Amino acid sequence: MKYARRFVAGTLAAGALALSLTGCGDSVDPTERMGRKTTEARATPSPSGAASPSATGEGPAAPADEAYKKWGLAGPLRYAPKPAVKPQIPPVKAGRVQVIDRIPVPADDKVVFLTFDDGAEKNPEFLKMAADLKLPISMFLTDNIASSDYGHFEKLRDNGSGSTINNHTLTHPNLRTLSFEAQKKEICGQQERLEKRFGTKPTRFRPPYGNYNDDTLRAAHECGISQLLLWRVSMQINNFQYAEGSALKPGDIVLAHFRGPSELKGATEIQMATRMLQRIQEQGYRIGRLEDYL
């Protein structure tokens, strides 16, 4: 019971941290607006060895042996297999959804998870990169941002990586400023749009800016959502920014965005993603498929 209370308290605290960690839709590096420098990851030797793809049929296939060279990595990425037993996530009050900001894996299980939000940038080169490397990406799409080319994200979902499409509202509002009914319209409305376009309703949701309240948890539940996903680490243009400490921690959910040069100060989505993967390698982490752990 004490663990459950600590877990819920931690996840609610993460919601407050989320805006400072890279609120979705920012047009500049959020750390400038915060008035403090992004904390860079401490480098450790890059791991060696071939990729270990998920053992599930839904998980990613193995990337080509030389794919890492093509995309500027020092060595092959390492992938975590599907765990034999999923981590125990404490249940929540009836009529609410679970709030998760880090996957509770063992302290020695150096695995992190990739999530991308919004859907503004639709770079065909990123499709090639994600397919070549078999990156398992959990996508959280906003309708008025991503719907101009949902086919782009369908290709990303169907490239053999085990990537998924999830809910990020219709119009990307700060949900805490809305009534229960208005929040439900944003969440349920995107559920319907995604089901119509992709064939199924997602069961996972991320609130814009990481902002939510109890109405959000109730509305999401009524829309068929089971889990609200936050994060503890965000990818900026060149480096990670951490909610705590100065390095990745086992089970970290990493937030990135589908963004292009206009929002990345001239950097491309490919360059940002490459730096993100390099930082993961430098710290000796594997990449897991989020859905395999939930």
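Trainee: Why is Asp 118 called buried?

Mentor: In this predicted model, Asp 118 has a relative accessibility of 5%. Buried means under 20%, so Asp 118 counts as buried.

Trainee: Where is Asp 118 placed, and what is its phi?

Mentor: Asp 118 belongs to strand S2, residues 111–118. Its phi is near 80 degrees, a positive value in a residue other than glycine. Most residues other than glycine have a negative phi.

Trainee: How do you know whether His 172 is buried or exposed?

Mentor: The relative accessibility of His 172 is 9%. The limit for a buried residue is under 20%, and His 172 therefore counts as buried. His 172 lies in the loop between strand S4 (164–167) and H7. Although His 172 is not a glycine, its phi is positive, about 65 degrees.

Trainee: What makes H4 roughly parallel to H9?

Mentor: The axes of H4 (residues 124–133) and H9 (residues 269–282) cross at roughly 30 degrees and come within 9 Å. Angles under 35 degrees count as roughly parallel, so H4 is roughly parallel to H9. The crossing of these two helices, H4 and H9, is right-handed.

Trainee: Which residues of H4 and H9 meet?

Mentor: From H4, Glu 125, Phe 126, Met 129 and Leu 133 meet Glu 269, Ile 270, Ala 273, Thr 274 and Leu 277 of H9. The residues of this contact between H4 and H9 comprise six nonpolar, one polar and two charged.

Trainee: Why is H6 called roughly perpendicular to H7?

Mentor: The axes of H6 (residues 150–157) and H7 (residues 180–198) cross at roughly 70 degrees and come within 11 Å. Angles of 65 to 115 degrees count as roughly perpendicular, and H6 is therefore roughly perpendicular to H7. The crossing of H6 and H7 is right-handed.

Trainee: Which residues have the most contacts inside the largest nonpolar core?

Mentor: They are Phe 126 and Leu 133, in a core of 44 residues. H9 contributes the largest share of this core, six residues. Beyond its neighbours within four places in sequence, Phe 126 is in contact with several residues, including Phe 116, Ile 137, Leu 156 and Phe 258. A second, separate core has 30 residues, among them Val 105, Leu 175, Ala 219 and Cys 223.

Notes
Residues numbered from 1 in each chain as written. Predicted model: local features only at pLDDT ≥ 70, side-chain atom pairs only at ≥ 80, totals over all residues. Heavy atoms only, no water. Axes fitted to C-alpha atoms, helices over the stretch in contact; angles between N-to-C directions. Helix = DSSP H or I, 4+ residues; strand = E, 2+ residues; numbered from the N terminus. Parallel < 35°, antiparallel > 145°, perpendicular 65-115°, else oblique. Left-handed = near helix turned anticlockwise from the far one by under 90°. Contact = heavy atoms within 4.5 Å. Nonpolar A, V, L, I, M, F, W, Y, C, P; charged D, E, K, R; others polar. Core = buried A, V, L, I, M, F, W, Y, C linked by side-chain atoms within 4.5 Å. Buried < 20%, exposed > 50% of the residue type's maximum accessible area, 1.4 Å probe, protein only.
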